[in-house]
Structures are given as C-alpha cells and as structure tokens.
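Subject: Structure handover

Hello,

Here is the structure I promised to pass on. Please open it first, then read the notes on its salt bridges below.

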Amino acid sequence: MGQAAWKGFALSLFDYKTAKFVVAKSKKVGLLYRVLQLTILLYLLIWVFLIKKSYQDIDTSLQSAVVTKVKGVAYTNTTMLGERLWDVADFVIPSQGENVFFVVTNLIVTPNQRQGICAEREGIPDGECSEDTDCHAGESVVAGHGLKTGRCLRAGNSTRGTCEIFAWCPVETKSMPTDPLLKDAEGFTIFIKNFIRFPKFNFSKANVLETNNKNFLKTCHFSPKNLYCPIFRLGSIVRWAGADFQDIALKGGVIGIHIEWDCDLDKAASECDPHYYFNRLDNRHTKSISSGYNFRFARYYRDSNGVEFRDLMKAYGIRFDVIVNGKAGKFNIIPTVINIGSGLALMGAGAFFCDLVLIYLIRKSEFYRDKKFERVRGQEEEANVELEANQIEEELPEDKPREGVQQDEQLQELAQSGRKQNDSCQLFEPARSGLLEKAMVNVKQPQILQTVKTEDAVRALGREQIQR
C-alpha cells in the first residue's frame with residue numbers, strides 16, 4: 001500500500017457521517033415501512049402492555065405458608081386385622097399436615113413380629129443358598145430383612161434354600177390385596193389453608209373467605225365459583241388430576257395441588273384470586289415394579305413379660321404436594337419508559353431495514369443510493385479550492401482578451417457597413433467569419449483554463465447553495 005493510500009485511509013478516519021432525509025417516491029418501500037410500523041405498534045400495545053403488562057414492577061419473591069387437615073373415617077373387616085375403624089390418626093401421615101402429606105388407602109400388615117432367628121424370604125437373590133458356605137455369618141442380606149447366621153435352611157430334599165437370619169420374625173409377607181383396603185377414602189375431605197405475602201408491595205392475603213360465620217368452613221365445598229372455600233373432596237382432586245381413584249388407591253401415587261397467585265395490584269385487592277391446578281406427578285403410564293407410592297412403618301408394643309413386639313405395616317396411598325407460586329405487579333414509571341424506548345428502537349430498526357431494501361434490493365437502488373449518500377467538503381478545503389481558482393485567474397494574460405474584444409468590435413462595425421453596401425457583402429463575409437472565429441478562440445482560451453481549474457470549486461459551491 002502506497003503512501004498516498006495510507007494518507008487517504010488516515011484522513012478517512014476523521015470523516016463524519018450524518019443522516020440525510022430523502023423522500024423516496026416508492027410505493028413498495030413505503031408500504032413495507034407502514035406495515036413494519038403498524039406491526040411494531042401492535043406488538044407494543046397488545047403483547048407488551050396489555051398481555052405482559054410490562055409497564056409494571058414485578059415481585060416474584062412470594063412468601064407462603066400452607067396448613068392442611070384431613071377429615072374422615074373408614075371401616076374395615078379383614079381376617080388379619082378383624083373389625084377396625086380408621087380415623088385421621090390412623091391414615092394421615094404426618095399428623096400435622098404441611099406442604100406434603102400422605103393419605104393411606106391400602107395396607108399390608110405383618111403382625112406380631114419379634115426379634116429372633118428365622119429363614120429369609122424366598123425371592124431375594126442375596127438370601128438364597130445351596131450350602132452353609134453361601135451364608136457368611138454376620139453379613140446382612142442385601143435387599144433383605146436381617147443378618148446371616150451362617151446356616152443354609154433347605155426344605156425337604158431340595159438342593160436350594162434360604163439363609164437363616166437374625167431379624168424381626170416372621171419376615172414381611174409378600175402377598176398384596178387385589179382391592180384397596182380403605183375404599184371409603186374417596187369421600188375424605190382435605191382442608192388447605194394458604195397464606196401469601198409479597199414483601200416488595202407489603203401485600204398479604206389468604207385463600208379463605210374473611211367472614212364471621214363460624215359454620216362457613218363446615219358447610220362449604222370448593223368449586224370454580226367458590227374459590228375461597230378451601231375444603232376439597234379427595235375423590236374430586238384425584239379426578240381433576242386425570243386419575244382413577246380405585247387404581248391410584250391400590251398401588252399409590254403422587255398428586256400435585258398447585259395454587260397460583262397472579263395479582264394486579266393496580267386493581268382492587270379483592271380481584272387478586274387464587275387459581276388451582278391439579279395433576280398427577282408420578283408416571284402413571286409406566287407399568288413397572290417401581291410404579292405407585294408406598295413406605296413402611298411399625299407400631300410397637302410390649303407383652304406381659306416386657307418383651308417388645310411390633311406390627312409392621314406397608315402403606316400404599318396418595319401423597320399430596322401443595323405447590324404455591326405467584327407474582328404481583330404494580331405500575332412503575334421506570335419499566336414503562338424502558339419499554340417505550342425499546343419500541344422506538346424497533347421503529348428505527350424498521351426504518352433501517354427499509355433503507356437496505358431501498359438502496360440495495362429494488363430495481364432503482366443505484367439511483368436512490370446516489371441521492372442518499374453525498375460527499376461534502378469542509379469549509380477549509382472549500383476555501384483552498386477557491387483560492388487556487390483566483391490565483392489561476394490572476395495569472396492569465398489580460399491583453400489577449402482585450403485584443404479579442406477589440407477585434408469583435410471591429411467586426412461589428414464592418415458588418416454594419418457591409419449592410420449598407422450590398423455589392424461588397426460577399427467580399428466581407430469570408431473575412432468576417434475568419435476574424436470572428438479567431439476572436440472567439442482568443443476569448444474562450446482563458447475561459448476554458450479557468451473552467452478546468454475551478455470545476456471542483458463550482459460544483460461544491462453549487463451543492464452548498466442547493467442544500468441551503
């Protein structure tokens with residue numbers, strides 16, 4: 001790259017580009033620009049302000065507390081347990097309901113277990129054996145019920161058996177009822193009380209109707225038209241979650257109770273209502289050994305001799321997870337100004353896109369490009385060009401133009417005298433034309449020199465006058 005090129009590049013760094021407004025009479029580009037403007041305007045009004053409410057300050061740091069209670073009784077009569085009445089102390093775990101609580105719907109009971117020595121249950125791989133060396137004393141049975149004693153117990157002439165263990169005997173039974181034990185659980189009621197607070201706006205509310213009627217909670221039931229009665233029927237919750245009660249009661253499952261608070265604090269506080277959604281959280285479509293929900297617990301007793309024994313219970317049922325979410329919004333000038341500024345920036349982006357279409361994509365793009373971009377020299381450069389033109393004009397000789405003017409005056413006098421003398425017109429005509437051409441050449445020579453030297457200055461001055 002030569003020195004002149006480097007100099008031109010360095011000087012171009014100090015060029016400044018400013019906007020120039022050009023009214024382009026193009027219907028296609030004009031229509032495109034109006035469509036973009038209308039689209040951006042509708043986006044701002046409908047989506048940003050009406051739907052998303054971006055003119056508000058948002059608080060998502062919801063503070064929530066949940067209190068739950070279950071009420072109901074069930075009666076069973078089985079060969080293992082006999083006649084029995086179940087109430088909330090028997091089938092609700094934990095007894096003080098919080099965000100998560102469990103309702104027992106089915107039960108496998110292994111009664112009267114005592115610590116002692118017995119055979120491991122069949123079907124446990126680590127508990128199977130063919131000789132005593134397969135049962136290492138002191139080792140626990142993986143996925144089993146106790147510690148190995150070192151003996152292999154075989155029934156009759158069988159070559160395979162199970163290890164002898166020290167455990168709560170007899171070990172848990174493997175049988176499972178075909179019908180849920182607590183069929184009446186479908187009619188149980190659940191009380192879910194929820195308190196919420198948005199700390200940014202110091203706003204608090206609960207999902208219970210504020211009333212002095214003491215019988216309100218005893219007589220009301222939740223419905224889409226009665227959002228402030230938090231008494232739910234267990235069977236209704238399961239149905240709203242899209243599950244069948246008898247199916248989920250047999251092997252258990254997990255139900256999500258979602259409470260959504262979406263509060264517009266620009267309106268009255270009474271319009272901030274809770275919205276409830278119910279869904280089944282465990283994978284109900286997977287038929288595997290791990291499907292459902294269950295856990296074990298025991299109730300301990302002592303006999304007359306002071307020896308401890310227990311009843312082991314494997315409980316199947318429905319686990320309820322109460323999930324509370326929400327947000328609150330209130331008008332604030334800062335997000336409003338930010339979103340309006342973003343909209344104006346989008347308007348500018350639309351204009352930029354239309355400029356690209358105008359000067360690069362349409363058929364007359366070169367014409368519009370020449371009209372939009374114009375190179376303007378500075379005042380110092382303009383003065384230098386004008387000074388050079390004046391110097392060239394001063395250096396031109398003055399006698400040649402004057403001589404040409406005198407010759408032209410003589411020719412005019414000859415022409416006038418030639419009109420008076422018709423006979424001599426033909427003699428003067430060639431001489432006049434020759435002298436006239438010679439005089440015009442003498443006059444035009446300094447004018448051509450001046451025009452060539454001052455061409456750039458005249459063009460620049462002409463553009464400046466047009467712009468003014």
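A salt bridge here is a side-chain nitrogen of Lys or Arg within 4 Å of a carboxyl oxygen of Asp or Glu. By that rule, D126, E139 and K148 are linked in a network of salt bridges. Please note that the model is predicted. In total, it holds 11 salt bridges.

Three pairs are described below.

D57 and K200: their side chains meet in a salt bridge, at 3.6 Å from N to O. D57 lies in strand β1, residues 56–59, while K200 lies in the loop between β10 (189–198) and β11 (203–206), so the pair ties together parts that are 143 residues apart in sequence. D57 is partly exposed, at 25% relative accessible area. K200 is also partly exposed, at 48%.

R160 and E128: the closest N and O atoms of this salt bridge are 3.9 Å apart. R160 sits in the loop between β8 (147–153) and β9 (161–169), and E128 in strand β7, residues 128–129. The pair links distant parts of the chain, 32 residues apart. R160 is partly exposed, with a relative accessible area of 46%. E128 is partly exposed too, at 35%.

E164 and R151: this salt bridge spans 3.4 Å, N to O. E164 belongs to strand β9 and R151 to strand β8, so the pair ties together parts 13 residues apart in sequence. E164 is buried, because its relative accessible area is 10% and buried means under 20%. R151 is partly exposed, at 47%.

Best wishes

Technical notes:
Residues numbered from 1 in each chain as written. Predicted model: local features only at pLDDT ≥ 70, side-chain atom pairs only at ≥ 80, totals over all residues. Heavy atoms only, no water. Helix = DSSP H or I, 4+ residues; strand = E, 2+ residues; numbered from the N terminus. Buried < 20%, exposed > 50% of the residue type's maximum accessible area, 1.4 Å probe, protein only.
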